[in-house]
Amino acid sequence: MANETRQRQAVVKRNTSETRIGLELDLAGGPSEIATGIGFFDHMLEQIARHADIMLKLHVSGDLKVDMHHTVEDTGISLGQALSEALGDKAGIRRFGCAIAPLDEALARVVVDLSGRPGLFYRAEFSRPKVGELEAQLVREFFQGLANEAKATIHIDLLEGENTHHQVEAIFKAFALALRHASEIDATRQDIPSTKGAL
């Protein structure tokens, strides 16, 4: 199918003893609906949907009475699976994306390579252990799950910041912008962007 008519969509359902997740993704965009039971996490996922210009419909029921870990990690896993499915064989995509995003005093850089090789390289230290009800350490767990399942190499560097809300949000915005560029169809080519011929 030609790149311009390819349906870059995915539906993922993940049901375990810890979480129940329903996710719809459309890389062409559209209205998003996000409900994970964790308010600040919803806000961060909305940043991905808005700034990556994708449609994300996500509903998660997790064992929040135990911990937020399963909900956050499994959401990353599910989103990574959806991205992998929606990208298909990756013919015609740009593959690489790099973005630097500020939020007031905070500044983050994210580099994405939709390489077929999962890897997260994460350098971020937050000023406080929590923002809202979300434990800041779970940001890494989200991106680890996403990188593993999307089979993407992701470098995340928090460069500046004092306010934890700003620090985390700058990371999510930079990731969204990098993902948008990496997943875009390059109108000048239709081949797979790799000398190996596969990603």
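Tutor: Welcome! This is a predicted model, where local features need pLDDT of at least 70, side-chain atom pairs count only at pLDDT 80 or more, and totals for chains, interfaces and linings use all residues. Residues are numbered from 1 along each chain as its sequence is written, and side-chain values use heavy atoms, with hydrogens and water left out.

Student: Why is the contact between arginine 123 and aspartate 157 called a salt bridge?

Tutor: A salt bridge is a side-chain nitrogen of Lys or Arg within 4 Å of a carboxyl oxygen of Asp or Glu. For arginine 123 and aspartate 157 the N to O distance is 2.5 Å, so the pair meets that definition. Arginine 123 sits in strand β7 (residues 119-123) and aspartate 157 in strand β10 (residues 153-160), 34 residues apart. Strands (E, at least two residues) and helices (H or I, at least four) are DSSP runs, numbered from the N terminus.

Student: What makes aspartate 157 buried or exposed?

Tutor: Buried means under 20% relative accessible area, exposed over 50%, and partly exposed in between (1.4 Å probe, protein chains only). Aspartate 157 has 11%, so it counts as buried. Arginine 123, at 40%, is therefore partly exposed.

Student: How many salt bridges does the structure hold?

Tutor: There are nine. One of them joins arginine 180 and aspartate 53, whose closest N and O atoms are 3.8 Å apart. Arginine 180 lies in helix α4 (residues 164-183) and aspartate 53 in the loop between α1 and β4, so this pair ties together parts that are 127 residues apart in sequence.

Student: And why does the pair of aspartate 186 and arginine 94 count as a salt bridge?

Tutor: Their closest N and O atoms are 3.9 Å apart, which is within 4 Å, so the pair qualifies. Aspartate 186 lies in the segment after α4 and arginine 94 in the loop between α2 and β5, so the pair links parts 92 residues apart in sequence. Aspartate 186 is buried because its relative accessible area is 15%.

Student: How do you know that β6 and β10 pair?

Tutor: Two strands pair if DSSP finds at least two bridges between them. Strand β6 (residues 106-113) and β10 have seven bridges, in the antiparallel sense, so they pair.

Student: What makes β5 and β7 the edge strands?

Tutor: The open sheet of four strands runs in the order β5-β6-β10-β7, with mixed pairing. Strands β5 and β7 each pair on one side only.
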